[in-house]
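Here is a short note for a colleague opening this structure for the first time. Please keep the model in view while reading the points.

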Amino acid sequence: MSHPPAYLRVAVPTPLRRLFDYLPPLQHDAAQCQVGCRVRVPFGRQKLVGIIVAHSNKTDQPTSKLKRAQALLDDSPLLDSELLELLNWACQYYQHPIGDVIASALPTLLRQGRAATREPRRCWQLT
């Protein structure tokens, strides 16, 4: 019997070449936080927007030291598995941190944590 994942592996836009483990936000469990969704996480003294890259049942850090993600910003994934695979390939090929590569693939407003909705365009048509 497999246990549901307990930790989120998050790519954060920093010059560090690794993923960071976080506990899911209080209102959600790890299974509700889908891969490809954005989360707001504490990182040092900052609050950054990262992308969930994977779920995990294990972590290298003691659970008492893990921080909790503050908010899940998307209901459905912004980045599908194929795009995440391409970005991971680019990260390895160009030897660049995965968090920076993924952040570069997002528009500026999404990188800042704004909503991923599009306002309807109003158009006129001659009849």
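1. The side chain of Thr59 reaches the backbone nitrogen of Gln61 at 3.4 Å. Thr59 also makes a side-chain polar contact with Asp21, at 2.6 Å. A polar contact is a pair of N or O atoms within 3.5 Å; within protein, one must be able to donate a hydrogen and the other to accept it, and residues adjacent in sequence count only if both atoms are side-chain atoms.

2. This is a predicted model: local features need pLDDT of at least 70, side-chain atom pairs count only at pLDDT 80 or more, and totals for chains, interfaces and linings use all residues. Residues are numbered from 1 along each chain as its sequence is written, and side-chain values use heavy atoms, leaving out hydrogens and water.

3. Thr59 sits in the loop between S4 and S5. Strands are DSSP runs (E, at least two residues), numbered from the N terminus.

4. Five strands form an open sheet, ordered S2-S1-S4-S3-S5, with antiparallel pairing. Two strands pair if DSSP finds at least two bridges between them. The edge strands are S2 (20-22) and S5 (71-72). Five bridges join S1 (residues 7-11) to S4 (residues 46-56). Ala11 has Ile51 as its bridge partner in S4.

5. Which residues touch the most other members of the largest nonpolar core? They are Val12, Tyr22, Val39 and Ile52, in a core of 15 residues. Such a core is a set of buried (under 20% relative accessible area, 1.4 Å probe, protein chains only) Ala, Val, Leu, Ile, Met, Phe, Trp, Tyr and Cys residues joined through side-chain atoms within 4.5 Å. S3 gives the most, with three residues.

Key
Helices (H or I, at least four residues) and strands (E, at least two) are DSSP runs, numbered from the N terminus. Buried means under 20% relative accessible area, exposed over 50%, partly exposed in between (1.4 Å probe, protein chains only).
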